[in-house]
Amino acid sequence: MSEELAPTLQNILDQKSLKWIFCGGKGGVGKTTTSCSLAIQLASCRESVLLISTDPAHNLSDAFGQKFSKEATKVNGFDNLFAMEIDPNSSLQEMIEQSDNNGAMGSMMQDLAFAIPGVDEAMGFAEIMKHVKSMEYSVIVFDTAPTGHTLRFLSFPAVLEKALGKISALGGRFGPMIQQMSSMMGAPMGGQEDMFAKLESMRAIITEVNTQFKDPEKTTFVCVCISEFLSLYETERLVQELTTYEIDTHNIVVNQLLFPSKSSNCPQCTVRHAMQQKYLKEAHELYDDFFHIIQLPLLTEEVRGAEKLKEFSNMLVEPYQPPE
C-alpha cells in the first residue's frame with residue numbers, strides 16, 4: 001500500500017504550470033466557498049488569479065459581499081485577485097442581435113441555434129473563453145454549475161462542427177435567395193459570411209481550450225462533496241466522467257464534517273458524525289492511493305466576506321484539527 005497523499009490542496013499551489021482549475025460537485029456542498037478559498041490561497045503565490053462563476057445562481061457576489069458582473073472586477077482587499085460572473089446563455093442572445101439587423105439572417109440564426117441541442121451553451125462557453133484568453137491571468141479558477149452542466153463543455157467542439165455543417169448546407173441552398181431578398185429590402189450584404197466566420201472562430205477557440213483541458217500540466221479538477229451516500233456517489237460518477245474525458249483530477253474536498261465534542265449530549269450530532277465517518281472511511285478506501293482528501297469542518301457560522309474566506313482558506317493548506 002502506498003503512503004497516503006497529504007490531506008491538503010498545497011499540491012495545487014505548488015504546481016506553477018497550472019492554468020485552469022475547476023471546482024465542481026453536487027449543489028449545496030460548498031463549491032463556491034472552496035473555489036473562493038482556493039483562489040485566495042493562489043493569490044498569495046501566483047501573479048494574478050481570475051475567479052469565474054458559470055453558475056447562473058451567481059454566488060461569488062454573495063460570498064465576497066461585493067457585486068461582480070461579466071467584466072473582471074478586482075476583489076476588495078486583494079491586489080491580484082479578480083472575479084467575474086457569467087451567464088453562459090445570455091451571450092447567444094447577444095450574438096444573434098449583433099449578427100444581424102436585417103431580420104432574415106437573425107431568424108435563421110435563431111432557428112439553427114435552438115435546433116441543435118447544446119449550441120446555445122457551446123456559444124456561451126466560446127464567448128467566455130475568447131474573453132478569458134484575451135486577458136493575461138496566471139491562473140483561472142472556475143466555480144462551476146452543479147455537476148450535470150460542468151462536463152457538457154467537452155462536447156462543444158462537436159456541437160459547433162454540426163452547427164457549421166448545417167449553416168453551410170443551408171447557406172448553399174438558401175443563401176442566394178436570402179441575399180436577394182435582403183438586398184431588395186435594402187439590408188447590407190454578407191451577414192451569412194460574418195456568422196459563419198464567427199462560428200468557425202468559436203470552434204477553433206473551443207478546440208484549442210479543450211486540448212489544454214486535457215493536459216494535466218495545465219488543468220486539474222477539484223471535486224467537492226459532503227460525507228453522505230448521494231454526494232459520494234455523485235463524486236464517483238464525476239471522477240469516472242473526468243477520466244473518460246482525460247481531465248486530471250487528484251483532489252477531493254470533503255466539506256461540512258461534524259466533530260462533536262466528547263461531552264456533547266446532542267444525539268443528532270453523534271448519529272450524523274457516525275454516518276459521516278462511515279462514508280469518509282469509504283472515500284479513503286476508494287481514493288487514498290490517487291487522491292488528496294481534504295477534510296473541512298461544518299462551521300457554526302456562514303463563511304461570507306473576504307476576511308472569513310481568508311480564514312477558511314487556511315484550512316485548505318493546513319489540515320483542520322478538531323478541538324479535543
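Glu307 counts as exposed, because its relative accessibility is 55%. Exposed means over 50% relative accessible area, buried means under 20%, and partly exposed is in between, with a 1.4 Å probe and protein chains only. The model is a predicted one: local features need pLDDT of at least 70, side-chain atom pairs count only at pLDDT 80 or more, and totals for chains, interfaces and linings use all residues. Residues are numbered from 1 along each chain as its sequence is written, and side-chain values use heavy atoms, with hydrogens and water left out.

Back to Glu307. Its side chain meets that of Lys310 in a salt bridge, 3.7 Å from N to O. A salt bridge here is a side-chain nitrogen of Lys or Arg within 4 Å of a carboxyl oxygen of Asp or Glu. Lys310 and Glu307 are about one helical turn apart, because they sit 3 residues apart in helix α12, residues 306-317. Helices are DSSP runs of H or I with at least four residues, strands are runs of E with at least two, and both are numbered from the N terminus. Lys310 has 29% relative accessibility, so Lys310 counts as partly exposed.

The structure holds 5 salt bridges. Another of them joins Lys281 and Glu285, at 3.2 Å from N to O. Both residues lie in helix α11, 4 residues apart, about one turn of the helix.

Next, helix α11 itself. Helix α11 covers residues 267-287 and reaches 30 Å from its first C-alpha to its last, close to the 30 Å expected at 1.5 Å a residue. The expected span is 1.5 Å times one less than the number of residues.

Which residues of α11 are buried? They are Gln276, Tyr279, Leu280, Ala283, His284 and Tyr287. These residues cover an arc of only 150° around the axis, which means they are on the same side of α11. The arc is that of the directions from the helix axis to the C-beta atoms. On the other side, Pro267, Val271, Lys281 and Glu285 are exposed. The buried residues pack against α10, β7 (251-257) and β8 (292-297), where contact means heavy atoms within 4.5 Å.

Arg272 counts as partly exposed because its relative accessibility is 37%.
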